[in-house]
Amino acid sequence: MATAEVTHEAHDDHGHHEDEGFFKKYLWSVDHKVIAVQYLVTGMAMAVIGGFFAYVFRMQLAFPGEAVPGFGIVSPAEYNALVTNHGTIMIFWVAMPVLIAAFGNFLIPLMVGCDDMVFPKINRLSYQIFLLSAIVLISSFFVEGGGFGGAWTAYPPLSAVSEYNLTPLGATLWVVAVALEFVAFLLGGINFITTAMNSRAPGMRLYDIPMAVWMIVVASILFMASVGPLIAGAIMLIFDQTLNTGFFDPAKGGDPVLWQHLFWFFGHPEVYVVLLPALGFVAEIITTFSRKPLFAYRTVLYTVFGTGILSFTVWAHHQFISGIDPRMAHIFTITTLLISVPIAEMMFVYIATLYKGSITLNTPMLWALAFIGEFLIGGVTGIFLGASGPDVFYHDTYFVLAHFHYTFFPIAIIGSFCGLTYWWPKMTGKMMNETLGKIHFWGTVIPFNVIFLPLFVLGQLGQHRRIYSYEGFGELMREDVWLGMGMQDMRVLATMALVVMLAFQVVFFVNVFITLRKKEKDAGPNPYNANSLEWLAPSPPGHGNFAELPTVYRGPYEYSHPDRKAKGTDFWPQWEKE
Amino acid sequence: MDWIVQASTYADDVDGAILLITYLVGFWFFLTAGLFFWLIFAFRKRDGVEAEYLTGGEQQPKKFITWAHMLVLVCDVFVVIAAIQVWVEIKQTLPDAPETQTVRIVSQQWAWSFIHPGPDGQLDTADDIKTVDDLHIEVDRPYIYELTSRDVLHDFSVIAFRLKQDAVPGRVITGWFQATKTGEFEIQCAEMCGIGHGLMPGMVHVQSPEEHAAWMASKSNGAMLAQAGR
């Protein structure tokens with residue numbers, strides 16, 4: 001601990017970096033921590049928009065045809081645009097920027113023990129392009145014809161021909177925004193991988209890299225390897241829309257199903273691109289707060305690589321009934337079910353980490369445990385969908401929707417709150433309020449389950465997705481089917497739970513506000529007695545991160561080591577020699 | 001799964017595969033979730049109890065993980081077999097019984113058109129019966145469908161049959177079904193097809209042979225009258 005305190009004092013002379021002026025410091029910075037905050041704030045602003053969209057279309061489903069408070073009457077075109085852009089925003093403008101870009105930027109240099117990213121200017125450019133992509137996407141809601149409404153998967157010919165989608169400008173702006181976003185993350189990915197591989201502190205071997213860093217690196221590799229085909233597809237789609245080419249038009253020799261292959265060849269690895277960083281955060285948190293080494297570190301790492309490689313071979317399970325050769329379904333059923341093995345292994349390893357630990361249930365730990373519990377439901381329900389035969393029934397039902405929300409919600413929302421609550425003291429130097437944190441936690445996780453469990457039931461009853469109103473379907477308006485509820489009652493219940501969940505997010509923002517207004521920086525460099533290098537730097541770290549670049553002597557998860565217990569402490573930081 | 005009616009020959013097989021997966025997945029889910037919550041409770045922080053240093057690098061504790069993931073793999077094999085069996089039945093075989101009929105399904109923004117063979121049992125003859133949004137078939141008789149689209153992707157989905165198939169412009173996709181219950185079953189479009197996607201319901205009318213014959217007769221007379229009038 002002595003070392004840490006010395007470093008803290010030594011860092012006070014870093015104040016001279018702060019006279020750069022607001023513009024240079026916050027908007028034109030090359031500092032990885034400022035860029036992380038830029039990504040974080042932009043991602044959270046987009047999350048508010050995506051959440052609002054969900055509120056509007058859920059209200060329409062619960063009370064079809066009635067004016068939604070804060071929006072008004074929802075037309076079918078608006079409904080489709082809301083659904084489409086809710087999905088697009090939550091994946092590309094919330095999960096990606098927050099989990100990978102914000103935390104990747106903030107954590108990688110601090111956790112590998114260097115002063116900044118390897119290519120700081122590329123890093124700045126990455127954020128600027130990302131911001132531009134967000135502006136393009138938002139502007140697409142306000143052009144003539146409204147925002148694109150052809151689902152976030154944008155299958156042609158609907159997405160390619162304006163006579164079919166009736167959003168000539170919205171559809172093109174949507175594709176342009178997505179393509180720009182990919183460029184931003186390609187630039188970011190170069191930085192993450194290079195920094196983690198080349199700028200590690202002396203002594204840090206590959207097996208000493210904290211899991212959060214490994215996961216972001218593997219996610220970046222997956223993203224960079226999978227996105228190429230989709231960028232090509234996006235350009236073809238833009239050509240089809242604007243130059244009247246026929247890449248996806250059968251009348252001109254094209255094939256609409258080609259897009260689906262390009263999209264899902266990217267789209268399935270993308271699931272793991274956002275999953276892995278969240279798993280990385282969970283690894284850091286459960287080890288710290290159960291005071292245990294990560295169970296089988298190397299197994300986790302090999303599992304991550306195995307999952308990553310397998311994820312390139314499963315894409316067509318999204319296309320079982322899309323008109324592909326039916327024999328292909330066998331291959332993709334087998335690969336899809338195989339991926340359950342590494343993922344199950346990872347879940348087992350994380351759960352095994354708790355064994356014989358000393359578990360503190362504070363806010364970050366609650367989020368991390370909730371991730372495991374909720375993702376488990378998402379994982380097991382995926383088996384139904386990866387199996388070709390049952391998928392003939394499940395495809396496009398609310399069962400699919402509930403399944404992937406049980407994966408994406410833990411990833412994008414719970415994962416983000418894991419990272420935010422755990423590293424908040426490092427980012428700001430101040431501890432968050434625990435009571436408000438726990439209120440926010442329960443107020444988010446309980447309503448989340450109340451939203452999506454009924455949607456599994458609705459899916460099991462055959463309710464299809466992306467339907468503006470179910471009033472025209474007698475089979476989907478049945479009474480008294482589950483726990484005394486009719487199908488419409490379940491829709492109302494899910495919507496009410498969503499409203500409750502959204503309302504509880506106010507608690508989080510209040511907590512942030514209160515914490516930021518606190519005068520004293522009460523966190524200190526290492527509030528959790530954690531091992532990895534970011535806890536050596538002062539909170540918040542100044543420009544250049546460390547007073548003196550650290551040397552690493554051991555892995556990041558040496559908690560409760562017998563030699564240290566003899567000395568009366570249960571952690572053994574990476575930077576301490578003895 | 002008897003929440004929803006089973007009205008085709010393969011509905012029961014789909015539900016059977018789903019039930020098998022439910023048992024296997026349910027076993028793992030409750031085992032893992034139970035263990036998870038028990039660990040959180042049993043190893044909560046208590047005064048005087050310290051965590052143990054277990055890295056999982058040793059063989060003994062690791063065995064539990066290895067053993068468990070082998071079992072997961074075994075379960076996967078069962079799921080794959082069940083899934084493929086059902087899949088082959090629905091998507092890779094076509095009925096060849098002599099009484100098999102063929103219907104043509106044409107999807108477009110935002111309606112279904114059906115071309116039924118008339119009393120002669122053949123398509124592309126003068127007595128073909130064309131309807132919009134209503135498909136009329138005979139119970140217990142195998143039907144082959146030829147599914148096409150005039151514009152964007154659609155998906156012909158009948159929940160009661162457990163049938164779903166995308167319609168792709170430029171292609172004729174062939175499949176089959178055989179209804180086992182008379183009655184009316186809804187058709188939903190299961191692929192986003194534009195602003196009318198939610199307003200594209202259709203209906204399958206499964207009729208007894210007598211009712212079906214009567215329906216055909218009424219339609220054929222109407223068609224002939226219409227032709228005479230022209």
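**A helix pair and some backbone details**

Modeller: The helices α3(A) and α5(A) are roughly parallel to each other, because an angle under 35 degrees counts as such and theirs is about 15°. This is a predicted model, and the values below are computed from it.

The two helices cover residues 32-62 and residues 120-139 of chain A, and their axes are 10 Å apart. The crossing of α3(A) and α5(A) is left-handed. On the α3(A) side the contact is made by A:His32, A:Ile35, A:Gln38, A:Tyr39, A:Thr42 and A:Met46. Their counterparts in α5(A) are A:Asn123, A:Arg124, A:Tyr127, A:Leu131 and A:Ala134. Sorted by type, the residues of this contact are 6 nonpolar, 4 polar and 1 charged.

The bond joining A:Pro156 to A:Pro157 is a cis peptide bond, with omega about 5°.

Phi of A:Arg291 is near 50°, which is positive in a residue that is not glycine. A:Arg291 has 22 C-beta neighbours inside 10 Å and therefore counts as buried, the cut-off being 20 or more.

In chain B, the loop between β1 (101-108) and β2 (111-116) holds B:Trp110. The peptide bond from B:Gln109 to B:Trp110 is cis, and its omega is near -10°.

The positive phi in chain B belongs to B:Asp133, a residue that is not a glycine, with a value of about 70°. B:Asp133 sits in the loop between β3 (129-132) and β4 (134-138) of chain B. With 14 C-beta neighbours inside 10 Å, B:Asp133 counts as partly exposed, whereas A:Arg291 counts as buried.

To return to the helix pair: α3(A) and α5(A) pack at about 15°, and their crossing is left-handed.

Methods
Residues numbered from 1 in each chain as written. Chains lettered and ligands numbered in written order. Predicted model: local features only at pLDDT ≥ 70, side-chain atom pairs only at ≥ 80, totals over all residues. Axes fitted to C-alpha atoms, helices over the stretch in contact; angles between N-to-C directions. Helix = DSSP H or I, 4+ residues; strand = E, 2+ residues; numbered from the N terminus. Parallel < 35°, antiparallel > 145°, perpendicular 65-115°, else oblique. Left-handed = near helix turned anticlockwise from the far one by under 90°. Contact = placed C-beta atoms within 7 Å. Nonpolar A, V, L, I, M, F, W, Y, C, P; charged D, E, K, R; others polar. Buried ≥ 20, exposed ≤ 12 C-beta atoms within 10 Å, placed from the backbone.
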